[in-house]
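Let's take a walk through this chain together, one piece at a time. Keep the 3D view open as you read.

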Amino acid sequence: MEASVILPILKKKLAFLSGGKDRRSGLILTIPLCLEQTNMDELSVTLDYLLSIPSEKCKARGFTVIVDGRKSQWNVVKTVVVMLQMSCLGLAV
């Protein structure tokens with residue numbers, strides 16, 4: 001998938017790779033949720049794209065995911081966590 005195809009979705013900054021690394025040298029993925037209703041389909045497309053960017057070597061080190069749900073409702077945070085679990089299972093295969 002090319003960024004130019006999903007550029008309007010990426011501009012919403014639903015999730016991003018900050019460039020930082022955790023103690024294991026795993027990449028940090030941040031998902032800042034807000035009060036507005038988050039479109040789960042767009043978030044899923046964004047996650048699929050962002051998780052396809054790193055090399056296999058980087059993916060093998062894993063990811064640290066920060067879900068900032070301070071400005072969101074618990075049911076949205078819970079849905080995002082389930083979505084992340086499904087995305088991560090797809091990476092392990």
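What you see is a predicted model, in which local features need pLDDT of at least 70 and side-chain atom pairs count only at pLDDT 80 or more, while totals for chains, interfaces and linings use all residues. Residues are numbered from 1 along each chain as its sequence is written, and side-chain values use heavy atoms, with hydrogens and water left out.

Helices (H or I, at least four residues) and strands (E, at least two) are DSSP runs, numbered from the N terminus. Two strands are said to pair if DSSP finds at least two bridges between them. Strands of a sheet pair through backbone hydrogen bonds, either parallel or antiparallel. Here, β1 and β2 pair in the antiparallel sense over three bridges. They form a hairpin with five residues between them, and S25 in the turn has a positive phi of about 70 degrees.

R23 also sits in the loop between β1 (16-21) and β2 (27-32). Is R23 buried or exposed? The cut-offs are under 20% relative accessible area for buried and over 50% for exposed, with partly exposed in between (1.4 Å probe, protein chains only). R23 counts as exposed because its relative accessibility is 88%. To get a sense of distance, look across to S44: R23 and S44 are 21 residues apart in sequence and 27 Å apart in space, C-alpha to C-alpha.

On to the other pairing of β2. Six bridges join β2 to β3, and these two strands run parallel. Together, the three strands make an open sheet in the order β1-β2-β3, with mixed pairing. β1 and β3 (63-68) stand at the edges with a single partner strand each, so one side of each is left without a neighbour in the sheet. From one strand to the next, the twist averages 25 degrees. As for β2, five of its six residues are buried, so it is largely enclosed by the rest of the structure.

Now bring in the helix. Helix α2 (residues 40-52) lies across β1, β2 and β3, running at about 165 degrees to β2. Axes here are lines fitted to C-alpha atoms, for helices over the stretch in contact, and angles run from 0 to 180 degrees between N-to-C directions; contact means heavy atoms within 4.5 Å. E42 lies in helix α2 and counts as buried because its relative accessibility is 17%. Not counting residues up to four places away in sequence, E42 touches I9, K12 and L14.

Which residues touch the most other members of the largest nonpolar core? A nonpolar core is a set of buried Ala, Val, Leu, Ile, Met, Phe, Trp, Tyr and Cys residues joined through side-chain atoms within 4.5 Å. Of the 21 residues in this one, they are A15, L29, I31, L43, L47 and V80. β2, α2 and α4 (74-92) each supply at least two of its residues, and α2 gives the most, with six. Leaving aside neighbours within four places in sequence, V80 is in contact with I31, L33, M40, L43 and V67.
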